[in-house]
Amino acid sequence: MVDRTSDVVFMRLALDAALQASGHDDVPVGCVLVENGVVIGVGENRREVDQDPMAHAEVVALRAAASRRSGWRMDEVTAYVTLEPCVMCAGALLNARVTRLVIGAMDDKAGAAGSRYNLLRDPRLLHEVAITYDVLAESSAQLLRDFFASRRD
């Protein structure tokens, strides 16, 4: 069952994580993984600070959750992400068997959960992920606009 109130609460936590990324000069994207109402993983983009091309918010959160759970399967887990996942991150969520994805802002340039591609609902693949769109979309998009505007000044 989808609970919009909980979706907003957890997306606010993802936005908090995104703010952490902007603090170390990474694109402000945050991800929170939740199982049965409990946060099991939090991640923010860390590519710049870690000098790691794989350190996207979703991957960081999945690694934290897998460590906490001592296992890679994320059955019954919902991922809250401030920006629509890219192909790499959509693949990671898919392969981790995340049950549901909640997205803030869409990414028309590189999104892989409905904008450019939709890997998470491709019936040819092993697993499909339920998706909820546009939860705190304006707040998520504004955070990104502000970040990139500050780079152009």
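The expected span of a helix is 1.5 Å times one less than its number of residues. Keep that in mind as we tour this predicted model, where local features need pLDDT of at least 70, side-chain atom pairs count only at pLDDT 80 or more, and totals for chains, interfaces and linings use all residues. Residues are numbered from 1 along each chain as its sequence is written, and side-chain values use heavy atoms, leaving out hydrogens and water.

Select residues 57-69 to begin. This is helix 3, whose 13 residues reach 18 Å from first C-alpha to last, close to the 18 Å expected; helices here are DSSP runs (H or I, at least four residues), and strands are runs of E, at least two, both numbered from the N terminus. Its buried residues (under 20% relative accessible area, 1.4 Å probe, protein chains only; exposed is over 50%, partly exposed in between) include Val-59, Val-60 and Leu-62. Among the elements covering the buried residues are strand 1 (30-35) and helix 4 (87-95). Just past helix 3, click Ser-70, which has a positive phi of about 55°.

Next, show Phe-10 and Tyr-80. Their ring centres lie 5.4 Å apart with planes at 40°, so the pair is tilted (centres within 6.5 Å make a pair; under 30 degrees is stacked, over 60 edge-to-face, the rest tilted). Phe-10 sits in helix 1 and Tyr-80 in strand 3, 70 residues apart. Phe-10 is buried at 11% relative accessible area, and Tyr-80 is buried at 4%.

Finally, pick Phe-147 and Phe-148, an edge-to-face pair with centres 5.1 Å apart and 80° between planes.

How values were computed
Contact = heavy atoms within 4.5 Å. Phe/Tyr/Trp six-rings, centres within 6.5 Å; stacked < 30°, edge-to-face > 60°.
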